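Thanks for making the time, everyone.

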Amino acid sequence: MAIRQIRVDDDPVLRKKSRPVEVFDERLHLLLDDMRDTLTKSQGIGLAAVQIGILRRVVVINFGDGFIELINPEIIESSGEQREDEACLSLPHKAGKTLRPMSVKVRAQNRDGNWCLYSGKELHARCFCHELDHLDGKLYIDSLAPGEKVYSTRDYD
Ligand code: NI
């Protein structure tokens, strides 16, 4: 297991579309384990493979009660609306208010290729949307709520 370097700011890889995972092998498990380590080290709640330069549809999340691994995830249902702060490990010292659904249902494969269902609301829904957007080269700054701007958090962190 290893800590991988997180790509930040204007790194062009962050704007690329990730490809689906087709083979659920040892290499995928190694990637997932490294993503777990990297997420823990950086004290984030979510990390997409593209953020460490791997263009595969893989996400690791930890809301504080264990890891969730999402392979080839899709949002299958969403409802409501929320306007709350978001930040990203790839855009350090910044935050901004986005417009997101209040709750979502996500379908994704696990590390063995089996399909699983997840649901989340509030912070959990924001995180699912944020991480899945990474797989299509989108960042939260593309989903800012009307009238909102990215602001610096450098004084606080
Ligand atoms: Ni992010």
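This is a predicted model: local features need pLDDT of at least 70, side-chain atom pairs count only at pLDDT 80 or more; totals for chains, interfaces and linings use all residues.

Let me begin with arginine 100 and aspartate 133, which form a salt bridge whose closest N and O atoms are 2.9 Å apart, a salt bridge being a side-chain nitrogen of Lys or Arg within 4 Å of a carboxyl oxygen of Asp or Glu. Arginine 100 lies in strand S5 (residues 91-100) and aspartate 133 in helix H2 (residues 123-134), so this pair ties together parts that are 33 residues apart in sequence; helices (H or I, at least four residues) and strands (E, at least two) are DSSP runs, numbered from the N terminus. Both arginine 100 and aspartate 133 are buried, where buried means under 20% relative accessible area, exposed over 50%, and partly exposed in between, with a 1.4 Å probe and protein chains only.

Residues are numbered from 1 along each chain as its sequence is written, and side-chain values use heavy atoms, with hydrogens and water left out.

Turning to glutamate 77 and lysine 105, their side chains meet in a salt bridge at 3.5 Å, N to O. Glutamate 77 belongs to strand S3 (residues 67-79) and lysine 105 to strand S6 (residues 103-109), so the pair ties together parts 28 residues apart in sequence. Glutamate 77 is partly exposed at 47% relative accessibility, and lysine 105 is partly exposed at 35%.

Finally, Asp33, Arg36, Glu69 and Arg111 are linked in a network of salt bridges, and the structure holds 15 salt bridges.
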